Amino acid sequence: MSAQARAQLPVLRVPATPAHTNAGGDIFGGWIMSQVDIAGSIPAVRRARGRVVTVAVESLVFRRPVYVGDLLSLYAEVVKVGTTSITVDVTVDAERNPAAPQVVRVCEARLVYVAVDGEGRKRPVPGAGDTNLQTER
Ligand SMILES: CC(C)(COP(=O)(O)OP(=O)(O)OC[C@H]1O[C@@H](n2cnc3c(N)ncnc32)[C@H](O)[C@@H]1OP(=O)(O)O)[C@@H](O)C(=O)NCCC(=O)NCCS
């Protein structure tokens, strides 16, 4: 699959369950933030061809509440590559109400990852090269 086709698919799909609620019974924003960080790291690792660490969350906005039972789809796209850093935009959509399905944009974020070696030291991001996935079945 080409990198372009892959960018249109969610990198992560995860249900919001009662295990992810706060004391008030709503979905805990911190849980969504961790899903955003995981989602953003997926294209960052691919682009870095190896380990990355999160260095910054440049922005994160919760646009709508998330409810128990929502199915979250997280999309992540590399928007900038520096010497050692990779900037990724993550958007989160919630699919809800299976009887009359509705998709709502609930969160948007921009995160920066840094490519690191086995000792956690920053390393240059390699050239773009061929990022098509080879699938074996
Ligand atoms: C990421 C880390 C290796 C960077 O090391 P460093 O010596 O501070 O590196 P630099 O200051 O040169 O920054 C490295 C890159 O990150 C970018 N960067 C650093 N701080 C940033 C910030 N606050 N916002 C955006 N980008 C930032 C720099 O612009 C640079 O990008 P470039 O190489 O593409 O130009 C180091 O800060 C680190 O280990 N941080 C902890 C990461 C971590 O554990 N994350 C998980 C938290 S639980």
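## Fold and dimensions

The protein contains two helices and five strands. Read from the N terminus, their order is α-β-α-β-β-β-β. The model is predicted, and every value below is computed from it. The C-alpha trace spans about 45 × 35 × 25 Å along its principal axes. The protein has 137 residues, of which 23% are buried.

In soluble globular proteins, nonpolar side chains tend to be buried together. The largest nonpolar core here has 27 residues, and those with the most contacts inside it are Val36, Leu74, Ile86, Val88, Val90 and Val92. At least two residues of this core come from each of α2 (29-48), β3 (71-81), β4 (85-96) and β5. β5 supplies the largest share, seven residues.

Val92 shows how these parts meet. Apart from residues up to four places away in sequence, Val92 touches Ile32, Val36, Leu72, Leu74, Val106 and Cys107.

## Helix α2

Helix α2 has 20 residues and reaches 28 Å from its first C-alpha to its last, close to the 28 Å expected at 1.5 Å a residue. Its buried residues are Ile32, Val36, Ala39, Gly40, Ser41, Pro43, Ala44, Arg47 and Ala48. The cover over these buried residues includes β1 (12-15), β2, β3, β4 and β5.

Ala48 lies in α2. Ala48 counts as buried because 23 other C-beta atoms lie within 10 Å, and the cut-off for a buried residue is 20 or more. Leaving aside neighbours within four places in sequence, Ala48 is in contact with Ile86, Ala115 and Val125. Asp93 is 45 residues from Ala48 along the chain, and their C-alpha atoms are separated by 26 Å.

Glu77 lies in strand β3. The C-alpha atoms of Glu77 and Ile42 are separated by 9.3 Å, although the two residues are 35 apart along the chain. Glu77 has 16 other C-beta atoms within 10 Å and is therefore partly exposed.

## Strand pairing

Which strands pair with β5? β2 pairs with β5 in the antiparallel sense over nine bridges, and β4 pairs with β5, also in the antiparallel sense, over 12 bridges.

| Residue | Bridge partner in β5 |
|---|---|
| Val53 | Val114 |
| Thr91 | Glu108 |

## Two residues with positive phi

Most residues other than glycine have a negative phi, and most peptide bonds are trans. Arg49 has a positive phi near 55 degrees. Arg49 lies in the loop between α2 and β2, just after α2. With 13 C-beta neighbours inside 10 Å, Arg49 is partly exposed.

Asn97 also has a positive phi, near 55 degrees. Asn97 is placed in the loop between β4 and β5, where the hairpin of these strands has five residues between them. Is Asn97 buried or exposed? Asn97 is exposed, because 11 other C-beta atoms lie within 10 Å and the cut-off for an exposed residue is 12 or fewer.

## The ligand shell

The shell around the ligand holds 13 residues, of which Ala56, Gly82, Thr83, Thr84 and Ser85 come nearest. By class, six residues of the shell are nonpolar, six are polar and one is charged. β2 (52-62) and β5 (102-115) each supply at least two residues of the shell. β2 gives the most, with four residues.

How values were computed
Residues numbered from 1 in each chain as written. Predicted model: local features only at pLDDT ≥ 70, side-chain atom pairs only at ≥ 80, totals over all residues. Near = placed C-beta within 6 Å. Nonpolar A, V, L, I, M, F, W, Y, C, P; charged D, E, K, R; others polar. Core = buried A, V, L, I, M, F, W, Y, C linked by C-beta atoms within 7 Å. Contact = placed C-beta atoms within 7 Å. Pairing = 2+ DSSP bridges. Expected span 1.5 Å × (residues − 1).
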